[in-house]
Amino acid sequence: MRNSGELKYSAGLFEQEICFFSRLIKIGENVAEKNSELFTEILNLRSEIKRLKEVNFIDVTTGIYNKRYLQIRLEEEFARAQRYGFPLSSIFIDLDDFKSINDTYGHIIGDWLLKEVASVLEELCRSEDVLVRFGGEEFVVLMSDTGESEAVVLAERIREKVAGHIFFYGDIKISVSASLGVSTLNNGDFEHVSDPEELICMADRAMYRVKRNGKNDTCYLPFHLKSGDSVSPPVCRVVTQTGADTGGGVAEL
């Protein structure tokens, strides 16, 4: 039979064990609380990063990507196409006579129309395409692993859809057409083109060819070489409305 000293010693050990486990439980609770706080901070940080991305890369008028985002993706897709030999295409879209819409209906309706046009473009573009508002009434579509024929087909679909769409702002009916330029960098072009922005510049030039020749059409400008290493677009193939589906109806300008 244990004496009173042994019982007191055992009781003391038991109390120490209880204190030890109580401390462990308290530490566990503190760690769980800190982890919860840390998790909340991570969620808040992710939300803030998303917000900053939207501020930096989303056009506030149309809700699609802006020119800054295009610059980043253009460099990425250019490097990828250059490395693997994939074609890289772009479509430059300019709404025709948009100033007259602002002058007639005001800039609020003009901004609303830009957003509506952007929605139409989003419906036609593939999920992997990069659609941006380039500025003003200008839009750009960047298409990775896409040749000129596919790019021209999409451009014509866009042109036909925009021109054939009636936009309603209350009782106001608004129609608008677009001029489109298409450019493609193929595998051999990367030997002579080192600046990714040349792709957009070429599509822009093609679009202006359409502007000078009646608007509401699609023009494709290929990359051709002059003497030396400079790149020039001597030929513009304009895809007419009758030639869009047949492959014919192409005019050289």
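1. Partly exposed means a relative accessible area between the buried limit, under 20%, and the exposed limit, over 50%. Glu160 has 38% relative accessibility, so Glu160 counts as partly exposed. Keep in mind that the model is predicted.

2. Glu160 has a salt-bridge partner in Arg159. Their closest N and O atoms are 3.9 Å apart. The cut-off is within 4 Å, so the pair counts. Arg159 has 2% relative accessibility and is therefore buried.

3. Some residues go beyond pairs. Arg73, Glu76, Glu77 and Arg80 form one network, joined by salt bridges that share partners.

4. Which residue forms a salt bridge with Asp96? The partner is Lys211, with the closest N and O atoms 2.7 Å apart. Lys211 sits in helix 6 (residues 197-212), and Asp96 in the loop between strand 2 (88-95) and helix 3 (98-105). The two are 115 residues apart in sequence, so the bridge ties together separate parts of the chain. Asp96 has a relative accessible area of 4%, so this residue is buried.

5. Asp59 and Arg133 form another salt bridge. Here the closest N and O atoms are 3.3 Å apart. The link spans distant parts of the chain, 74 residues apart. Asp59 belongs to the loop between helix 1 (4-57) and strand 1 (65-66). Arg133 belongs to strand 3 (residues 130-135). Both Asp59 and Arg133 are buried.

6. How many salt bridges does the count give? The total comes to twelve.

Conventions:
Residues are numbered from 1 along each chain as its sequence is written. This is a predicted model: local features need pLDDT of at least 70, side-chain atom pairs count only at pLDDT 80 or more; totals for chains, interfaces and linings use all residues. Side-chain values use heavy atoms; hydrogens and water are left out. A salt bridge is a side-chain nitrogen of Lys or Arg within 4 Å of a carboxyl oxygen of Asp or Glu. Helices (H or I, at least four residues) and strands (E, at least two) are DSSP runs, numbered from the N terminus. Buried means under 20% relative accessible area, exposed over 50%, partly exposed in between (1.4 Å probe, protein chains only).
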